[in-house]
Amino acid sequence: MRRTTRIAAAGLGVTSLMALSACGGGGEGGGEANADAWILTGGGWPAIQEDFDRWNEANEDAQIDIEAIENDSYKGQIRTAVGSGEAPTLIMSWTGGALLEYAEEERIVDLSDHTGELESRVFESVWQNGQVDGSTYAVPLNDVQPVVMYYNQSVFDEVGVEIPETWEDVEAAIETFNENDVAPFSLAGGSVWPALMWLQYLTDRHGGEEAFQAVVEGEEGAWDNESILFALETMQDLGENGGFIDTYNSVTADQNEDAQLLADGQAAMLLQGSWVYSTINQDFPEFAESGDFGFTSFPTLEDGAGDPSNIVGNPANFWSVSADASEEEQQIAFDYISENLYNEETVTSMLEAGSLPPLSDIEDQIAETEDSDFLQFSSELVGEANHFQLSWDQAVAPEVAQPLTDNLSQILRGDITPEQFVEAMNSL
Amino acid sequence: MMTHTASTQSATPDAGKALTPEVPGFEHRDVKQNKVRRTGAPGEKPNLLGGLGGWLWLAVIILPIYYILITSFRTSEDLRSSNQLLPTTNPTLAPFIKVIQNDFFHYFTNSLIVTLSTVAVVLAVSVMAAYYIARSTTLGGRRLFQVILLGIAIPVQATIIPVYYLIQQLGLYDTLWALILPQIAFAIPLSVLIIVNFVRDIPMELFESMKVDGAGEWKILTALVLPMAKPALMTVGIYQALQVWNGFLFPLVLTQSSDVRVLPLSLWEYSGQFGIDVPATLAAVVLSALPLLVVYMLARRHIVAGLTAGFGK
Amino acid sequence: MALPAVLFFGIFALIPLIGVVVISFMEWNVLGSPTWVGLSNWQAVLFDRPFTWTALGLTITFVIGSYLFQAPVALLLGVFMAGQQRYRALLAVLYFLPLLFSSVAVGLTFQSLFSPNYGLSAALPFEWLPNDWLSNSDLVMWVMIFVVGWCFVPFHGLLYQAGVRQIPQSMYEAATIDGAGRVRQFFSITIPQLRYTIITSSTLMLVGSLTYFDLIFVLTGGQPADAVRILPLDMYVTGFSSYNLGYASVIAVILVAIGLTLSLALNIISGSSKMESDKAGA
């Protein structure tokens, strides 16, 4: 491809256009060695932006330029940029398959000697995710996002059921809810990824983290695993027999419909990421303040081989440092990571916003926050987790993420059987 | 205003013979006359069925727009807690304020620059090319036309990766040029097609007589083709302006910094990884649609008149 | 004269198109460097990937369905708007509105309207109204055809309105004297007179819907795949979600080929080829 474009460039009289581009606004900075980083829009990202602003104010000779990009477009852009050697100095990822590829292609540098005190402060279950073959290639940069079970206490009270702790409890509760015409679980199946949370938890509770580890390591036929099959069957059963709300295939998460169903009592429970806690506080303050809004961990499975302390979700977003950046730029990035990440001010502002830094040394601070009950709950969840499973669509190779979504979508609709799912995924 | 009405009024179903035009027809191009004759709709009885259909379609059109409008005056809390199809009881300007504070006018200016310059260049180069093709008697002219026709069928998203590399090689990545240049290129085929078909219908005699008067190519282009093709240019201009104004794929891939962000991309600032600020997004949508609506309302008469001569051949 | 257009088109459209053809013979995941694989992408996409044919079938349904929806509505709307009554002029302004909104806006709005628990189906007291507009495999394609039509009918309506205004009133007067009714006049005068508008508008509709995908993407995310993932969307997902640019380029080339055939065919029907040869002889 490169060749064609060069010919084009030559044929055009590049210089004249280059001259034009100078007045086009923006453009790459003129020569000075500013490092750069791309962050996302929305969510807790404005706090990260502020953190960079403070850094830039304090470090005149180590400036970092920031761009905020929307999530979906970020994923495409960062890959194109990394692939063409134009990546920003600090490369943000969700770790998993993408990080593995970056490391294998040697697009990012080994950070093992540049992380300062950070490793000792971050929860082990989170830190692991930034490691490739024992070396640290990425460090967490924001809040940890475990997936938890939210519930609406008033709905439970109405039908007289206790919050389920085991899968047996869940099955009994489903029956009672159905008799009373309440949907047990809200699920944004139309967006598919929330259903992945179910698949992950059920697989983990049934067979432990090893079941999926084989898939990540690319073992032949690894999807053909009894725990994955169990999870798929259970999900189809929940879909067909009134476990999920009957419209689950049409409910989407973009506009928080799944949370709304919980908030207005149409559903009793919702399995979703920790970010939904602040969504509910913002968009459904009445429900949030009613005292009915509760949260708990995913139920245990009686005969399951998985460790009940295991959790799934997004350990955090992580920074890596581009191998294509100049040494100067890399040094700025190293300094930022080792000196500035999770500094006191940023941690405070994250906690105030209701998000949880994955740090083991901030218990006291958490206790003083407004959302201390939820933050303490998640902090314990993460701190005690034996394993923190990164969301599967991030964990697998990027090429596999889309087929995984496609096939899971078909499972949700009942268009294919679990066996067909396994077969399709194995054939990739 | 020069319209094409007279010659087209004489058009018959086999107007393919327009190449032997009735030149006299050009003597009475009178819009008013055209209008007077049109005061009665075809048939004298009111068309009940037509009226019914018209109102029905209005309902179809209006419902989503009604939703956009009422939602832009809500808070997201209000959107969630009440019936979202009914207007809120506590209207708020907060979404609009949020959008305006979020550099709306900056993005607006970017969009305006990109749209206006793209459309201006498209019209200029397309009318020139169309003139050349329509008047060309060589094989080259026809080949060129065929190649340009090929362009109509290129799905933009298919070529985006090579375009991205090209733009980067040219050092234009993340500039407004990165948006203007490719969008011009992809707008050319359709524009040329429409204008060519129009220029072809300009009576040969008019060209001949200008030549006899010693007019050069440029003179013919500016004094004859441009005014005569005005309706076609209008059609093309509106269509391409809307495409560019609302397009998001090129901006998405070819720009990155907020300095050069255009409106459709700025909408995405109101969505995060797990959710969307619906009222703010729709407020931004309303704000970016308003200027277009104003332009349309002001220019509607001209647009329809312009299009009138443009397509009826 | 044609040089600037040729330069622009050649550099920013034709060269990238050649690039796409080149990539269709390569394996490339964006991150690594592309490697030559000869015809194997073509082999794989055409013969070892049944979904290609599913997508092609969906594309045909979408293109024809869109045409059958948009063309008559736009035509009737154009005829309607061409009438001189005041209220029609007002309606014409309102009809124009959908053109003003980007696909992101339209997508968000219809997503809300089609929401099963909070949208139209929940708000209206009609039991028979389905609530799985966007997830029912049998329904979603028609919903897409409608929504995309919603966006594009206004422009074509505008074209037809202009076309109708151009038809000499005297033709209708003569027909009325001959006792032809409104329907008869529509078919024997309006339609034949609109021939050129119909052809131009049809070309835009057909080729346009052949390459269209953004609204479908925004609304459905491409699910259910076997009900909405038309070729342009399939290409986008394959290239930009699965990072298989080789396959995506093959699909792109197929699309270009279909589109080219279509626009050439329409061009022949429109008779401009005939005019071209006339001109060559002149």
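Which residues of helix α5 (residues 94–101) of chain B are buried?

1. Helix α5 of chain B. The model is a predicted one. In this helix, which spans residues 94–101 of chain B, the buried residues are Pro95(B), Phe96(B) and Val99(B). Viewed down the axis of α5(B), the buried residues fall within an arc of 100 degrees, so they line one face of the helix. After α5(B) comes Asp103(B), which has a positive phi, near 60 degrees.

2. Chain C by itself. The chain contains 15 helices and 2 strands. Of the 282 residues in chain C, 63% are buried. Taking the contacts in chain C between residues at least 6 apart in sequence, 68% join residues at least 24 apart.

3. Chain B against chain C, extent. On the chain B side 111 residues take part in the contact, and on the chain C side 100 residues do. The area buried between chain B and chain C is about 9,800 Å², with 75% of it on carbon and sulfur atoms. Helix α15 of chain B (residues 278–311) gives the most to the side of chain B that touches chain C, namely 15 residues. By class, that side of chain B holds 78 nonpolar, 24 polar and 9 charged residues.

4. Chain B against chain C, polar pairs. The number of salt bridges between chain B and chain C is 0. Polar contact across this interface is found for 4 residue pairs, with both residues at pLDDT 80 or more.

5. Chain C against chain A, extent. Here 29 residues of chain C meet 37 residues of chain A. Chain C and chain A bury about 2,800 Å² between them, and carbon and sulfur atoms account for 54% of that area.

6. How many salt bridges are counted between chain C and chain A? The count is 1 salt bridge. It pairs Arg229(C) with Asp406(A), and the closest N and O atoms are 2.7 Å apart. Between chain C and chain A there are also 14 residue pairs in polar contact, both residues being at pLDDT 80 or more.

7. Make-up of the chain C side. Three elements of chain C give two or more residues to the side that touches chain A: α1 (3–23), α5 (103–113) and α13 (231–241). The largest share, 4 residues, comes from α1(C). Sorted by class, this side of chain C has 13 nonpolar, 13 polar and 3 charged residues.

8. Ser320 of chain A. Is Ser320(A) buried or exposed? With a relative accessible area of 0%, Ser320(A) is buried, because the cut-off for buried is under 20%. Ser320(A) sits in strand β12 of chain A, which covers residues 318–321. A polar atom of the Ser320(A) side chain lies 2.9 Å from the backbone oxygen of Tyr137(A). Leaving aside residues up to four places away in sequence, Ser320(A) touches Thr89(A), Leu90(A), Ile91(A), Leu99(A), Ile108(A), Leu111(A), Tyr137(A) and Ala138(A).

Conventions
Residues numbered from 1 in each chain as written. Chains lettered and ligands numbered in written order. Predicted model: local features only at pLDDT ≥ 70, side-chain atom pairs only at ≥ 80, totals over all residues. Heavy atoms only, no water. Contact = heavy atoms within 4.5 Å. Buried area = accessible area lost by both parts, 1.4 Å probe. Salt bridge = Lys/Arg side-chain N within 4 Å of Asp/Glu carboxyl O. Polar contact = N/O pair within 3.5 Å; in protein donor to acceptor, adjacent residues only side chain to side chain. Nonpolar A, V, L, I, M, F, W, Y, C, P; charged D, E, K, R; others polar. Buried < 20%, exposed > 50% of the residue type's maximum accessible area, 1.4 Å probe, protein only. Arc of directions from axis to C-beta.
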